[in-house]
Structure formats: structure tokens, C-alpha cells
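Please keep the sequence and the model in view while reading.

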Amino acid sequence: MIDRRHFLTIIGWGGIVAFTGLSVYGSIRFLFPTVLYEPPTTFRLNRLESYPIGFTEAFLENAARLFINQDKALKIFLVRNERGLYALTALCRYEGCALDPEYDIKMLKCSCCGSLYDFEGNIHRGPAEQALWRLKIDQDPISGEIIVDATARQDLAPKKIGIGYFVDKSAREVKPFFLSALRSA
Ligand code: FES
């Protein structure tokens, strides 16, 4: 049977050891915090002058997860016209399949059920009925690099015209989803 003094000594030392252990553990957690890796949502692309009038394919690493439940790169098109530049997502609005460019007819075709879009994002053939998203776009005033923000999207309701669905161009070409050529000149 241990006497009372011996018992209190054990408790005391136990407490000291426990306190020291917790302090060390706390210090280590402080020095090496658990960092959650969040894939980027804004992307720096090339400088404006590297995008000629027309459409240029680009991929935003891991950004497809912001639109569909898939951890893969998001295919976009940087579309430049006389008025400026915009970033069009190449993701079908029907069920989220990737769109492939048909340069000869200047269209984007869905590899799944065949929806056909133009490079404005309008639908020329279904089953899709919603226009393609455009992403927030800007330009670094110093480096001139194009910056695309995959968290901000333009989602305008198209009007049905014949078998297609179209969005008015002027409604589309607005900040922050359109980089005006005047501003970037
Ligand atoms: S997913 Fe594009 S038409 Fe079906």
C-alpha cells in the first residue's frame, strides 16, 4: 500500500509530465500548422497580344470541380474579336461534357449528346438550352497577363430563336466578363 505522500508525489509528477507533453504538442502544432491545400481559382494566362483575333484553347488546372463534380482541368476558349477578349467555358450546359472545337464550321460540339454551340456561347442545336458560361477576365496592369477567375461566371438566359437559343451580344460584352480592346490598347 503506498503512503499518502508517495501518492501525491506520483500525482504531482504525473501532472508535470502531462503538462510538459501538452506544451510540446501545442508548440509543434503552432510551428507546423495543418494547412489545407486549396487548388487555385484564379489563373494567370499569357499576355493579351498572344491571343490573335479568333479563339485559343486553354486549360485551367483543377477548375472543372467548380462546375461539375470532377477533379480535372477546365477547358476554356479565349475568344478575341475586334472589341476585346472573353473567356468561354468549353463545358456543355446539358450534362457537363467537354466541348470539342469544329474549326471548319466555327462551332463547339458536345462529345456526349451532340449539342452545338457557337464561340459566343449560343446554342445552335440541342438538347442543351442554356448558353455557355463566360468567366471573369482581367489584365494585370504591369505584366499585361490575362487573369481568369473561375469562381465568377456570366450566366445569361438565352432567347429561343428557331431551333436555337441566343444571348444578345451587347448583354454579354460587359465587365467583368469582357476585356475591352479599348482598355487594353
Ligand atoms: S452533355 Fe452535351 S449534349 Fe449531352
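In which loop is Asn122 found? Asn122 sits in the loop between strand S7 (116-118) and strand S8 (123-125); helices (H or I, at least four residues) and strands (E, at least two) are DSSP runs, numbered from the N terminus. The model is a predicted one, in which local features need pLDDT of at least 70, side-chain atom pairs count only at pLDDT 80 or more, and totals for chains, interfaces and linings use all residues. Residues are numbered from 1 along each chain as its sequence is written, and side-chain values use heavy atoms, with hydrogens and water left out.

## The surroundings of Asn122

Asn122 has a relative accessible area of 6% and is therefore buried. Here buried means under 20% relative accessible area, exposed over 50%, and partly exposed in between (1.4 Å probe, protein chains only). A polar atom of the Asn122 side chain lies 2.9 Å from the backbone nitrogen of Val167. Not counting residues up to four places away in sequence, Asn122 touches Leu116, Tyr117, Tyr165, Phe166 and Val167, where contact means heavy atoms within 4.5 Å.

## Domains

The protein is divided into domain 1 (1-35) and domain 2 (42-184), with bounds that come from an automatic or database domain assignment. Between the C-alpha centres of domain 1 and domain 2 there is a separation of 59 Å.

## Strand pairing and nonpolar cores

Two strands pair if DSSP finds at least two bridges between them. Strand S1 (residues 42-47) runs antiparallel to S10 and is joined to it by 4 bridges; Thr42 has Asp149 as its bridge partner in S10. Strand S9 (residues 134-139) is also antiparallel to S10, with 6 bridges between them, and the partner of Arg134 in S10 is Gln154. The hairpin of S9 and S10 has 5 residues between the strands, and Gly144 in this hairpin takes a positive phi near 80°.

The largest nonpolar core contains 23 residues, and those with the most contacts inside it are Leu60, Leu74, Ile76, Leu78 and Ile146. A nonpolar core is a set of buried Ala, Val, Leu, Ile, Met, Phe, Trp, Tyr and Cys residues joined through side-chain atoms within 4.5 Å. Two or more residues of this core come from each of S1, strand S2 (54-60), strand S3 (74-81), S4, S9 and S10. Leu74, leaving aside its neighbours within four places in sequence, is in contact with residues including Phe59, Leu60, Phe67, Leu91 and Leu135.

## Cysteines

A search of the whole structure finds 1 disulfide, a disulfide being a pair of cysteine sulfur atoms within 2.5 Å. The bond joins Cys97 to Cys112, with an S to S distance of 1.9 Å. The torsion about the S-S bond of Cys97 and Cys112 is about -80°, so the disulfide is left-handed. The pair links distant parts of the chain, 15 residues apart: Cys97 belongs to the loop between strand S4 (84-89) and strand S5 (99-102), and Cys112 to the loop between strand S6 (107-110) and S7.

| Residue | Relative accessible area | Class |
|---|---|---|
| Cys92 | 3% | buried |
| Cys97 | 18% | buried |
| Cys112 | 46% | partly exposed |
| Cys113 | 40% | partly exposed |

## Loops and backbone geometry

Which residues does a cis peptide bond with omega of about 20° join? That bond joins Gly126 and Pro127, and Pro127 is in the loop between S8 and S9. A cis peptide bond also joins Lys175 and Pro176, with omega of about 0°. Pro176 is placed in the loop between helix H2 (169-172) and strand S13 (179-180).

Asn62, in the loop between S2 and S3, has a positive phi of about 60° although it is not a glycine. Lys106, in the loop between S5 and S6, likewise has a positive phi, near 50°. With a relative accessible area of 54%, Lys106 is exposed.

The C-alpha atoms of Ala157 and Pro176 are separated by 18 Å, the two residues being 19 residues apart along the chain.

Key: Polar contact = N/O pair within 3.5 Å; in protein donor to acceptor, adjacent residues only side chain to side chain.
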